[in-house]
Amino acid sequence: MSLERTQGSCVAIRTLSPSSVSRCPHASASSSDDVTCGTPTWIGRGLTCVCFKRKGTYERICINLTPHQAKRLRRLRHRMKVYFDASRPDHQEALRALWSATYPGQELHGLVSEQWKEMGWQGRDPSTDFRGAGFISLENLLFFAKTFSTSFQLLLKKQRGKRAAWEYPFAVAGVNITFMIMQMLDLDASKPRTFVRAVFLQMLSENEWTFDLLYCVAFMVMDKQWLDRNATYMEFNDVLKSTRAQLEKELLMDDVLQIEDMPSYGLLC
C-alpha cells in the first residue's frame, strides 16, 4: 500500500505486510540486523530514503524536498545560525519585547539589570545566556509568551503542581529546550538521518511556525515531567532527556501529522 500524507507531498510511505518480509527488504546486503523502531537504515547510495519499522510493518520514507519545503528549511537553518548580538538594535528590541510580554505594565530599567533574574536568567545580562542556542532561543521564548500567554505565565511563576525547593530557572531552561530540539531534529545534516526529522520536515512544509510550536509543547512536557519526577535542579538534564524521548515518541505516532495532533499539545492553554 502506498500513501501520500498530503496532496503534493514529497513524503511517500510504503507499508509492507509483516508476513511478506523477515527483514527490511530495502536494506543493504551488508546489513544483517532488522530495522528497529527509531533506527532508520539508509537505502542504497546517495538516496534520501529510510526504512522504518513501526507497529509490525516497514515504512519507506523518501525525501525529495520541493522548492517550497527547501525554502522553509533554509529559513529555519538561517534562524538557527544567528548568534545573539547585544549591539544589534533588533536584538535589543526583541529583549525588550520579551520583557513586555512577560511582565506587562512593569517598566524595564535596562537591558542589563537585576530585574532579569526574576525571569530566570543567570545574571544581570541575559545576553550571556544565549550562547548555546543563539537568537532563535529568544525568538522561541517570545513566541511562547505571545501565543500561549496563560501557559507561559503558569510555567514562569511555577503555578502548576507541587514544586521543588530548588527549581529550574525558567528562562535558562527555555534556552536549553531550544538547543535540545535543534539536536533532536538534526536539521544541519545534508540528508535526513532520522524518521523524526523526516516527519518534522513534512510538518514544516504545512506550517512555517512548526519549530516554535514544537518548542512550546516541549516546554510544557518538560515541566510536566519535572513535576511527575519530583525533580530538583540537579536532575534537570535527566528531565530534558526524558522530554526529548517523549517528543520523539509522539512525533512518530501514526495519526500525528502536525504539531497540533501531538497528545501533549493539549497541555497548552
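Which residue forms a salt bridge with Glu 167? I looked this up and found Arg 163, with the closest N and O atoms 3.1 Å apart. I count a salt bridge when a side-chain nitrogen of Lys or Arg is within 4 Å of a carboxyl oxygen of Asp or Glu.

**Entry 1. The model**

I note that this is a predicted model, in which local features need pLDDT of at least 70 and side-chain atom pairs count only at pLDDT 80 or more, while totals for chains, interfaces and linings use all residues. Residues are numbered from 1 along each chain as its sequence is written, and side-chain values use heavy atoms, with hydrogens and water left out.

**Entry 2. The chain as a whole**

I found eight helices and five strands in the chain. Both kinds of element are DSSP runs numbered from the N terminus: helices are H or I with at least four residues, strands are E with at least two. Read from the N terminus, the order is β-β-β-β-β-α-α-α-α-α-α-α-α.

I then looked up burial. Of the 269 residues, 51% are buried. Buried means under 20% relative accessible area, exposed means over 50%, and partly exposed lies in between (1.4 Å probe, protein chains only). The chain exposes about 13,200 Å², of which carbon and sulfur atoms supply 51%. These areas come from the Shrake-Rupley method with a 1.4 Å probe, and for residues only the protein chains shown count as cover.

I also looked up contacts (heavy atoms within 4.5 Å). Among those between residues at least 6 apart in sequence, 62% join residues at least 24 apart.

**Entry 3. The largest nonpolar core**

I recorded 74 residues in the largest nonpolar core; Met 119, Trp 121, Phe 144, Ile 181 and Phe 219 touch the most other members. Helices H1 (67-81), H2 (89-102), H3 (135-147), H4 (149-156), H5 (170-185), H6 (195-206), H7 and H8 each give two or more residues to this core. H7 gives the most, with twelve residues. A nonpolar core is a set of buried Ala, Val, Leu, Ile, Met, Phe, Trp, Tyr and Cys residues joined through side-chain atoms within 4.5 Å.

Beyond its neighbours within four places in sequence, Met 119 is in contact with Leu 98, Trp 99, Thr 102, Tyr 103, Leu 156, Phe 170 and Ala 171.

**Entry 4. Helix H1**

The 15 residues of H1 should span 21 Å, and the end C-alpha atoms are 21 Å apart, which agrees. Its buried residues are Gln 69, Ala 70, Arg 72, Leu 73, Leu 76, Arg 79 and Met 80. They pack against H3, H5, H6 and H7. I noted the spacing rule: an α-helix has 3.6 residues a turn, so residues three or four places apart point the same way.

**Entry 5. Helix H2 and His 91**

For H2, 14 residues should span 20 Å, and the end C-alpha atoms are 20 Å apart, in agreement. The buried residues of H2 are His 91, Ala 94, Leu 95, Ala 97, Leu 98, Trp 99 and Thr 102. What covers them includes H3 and H4.

Is His 91 buried or exposed? His 91 counts as buried because its relative accessibility is 1%. Leaving aside neighbours within four places in sequence, His 91 is in contact with Val 82, Tyr 83, Phe 84, Asp 85, Phe 135 and Leu 138.

**Entry 6. Salt bridges**

Arg 79 is buried because its relative accessible area is 17%, whereas Glu 139 counts as partly exposed at 26% relative accessibility.

I returned to the pair from the opening. Glu 167 is buried, with a relative accessible area of 17%. Arg 163 also forms a salt bridge with Asp 223, the closest N and O atoms being 2.8 Å apart. Arg 163 lies in the loop between H4 and H5 and Asp 223 in helix H7, so this pair ties together parts that are 60 residues apart in sequence. Both Arg 163 and Asp 223 are buried. Through shared partners, salt bridges join Arg 160, Arg 163, Glu 167 and Asp 223 into one network.

How values were computed
The expected span of a helix is 1.5 Å times one less than its number of residues.
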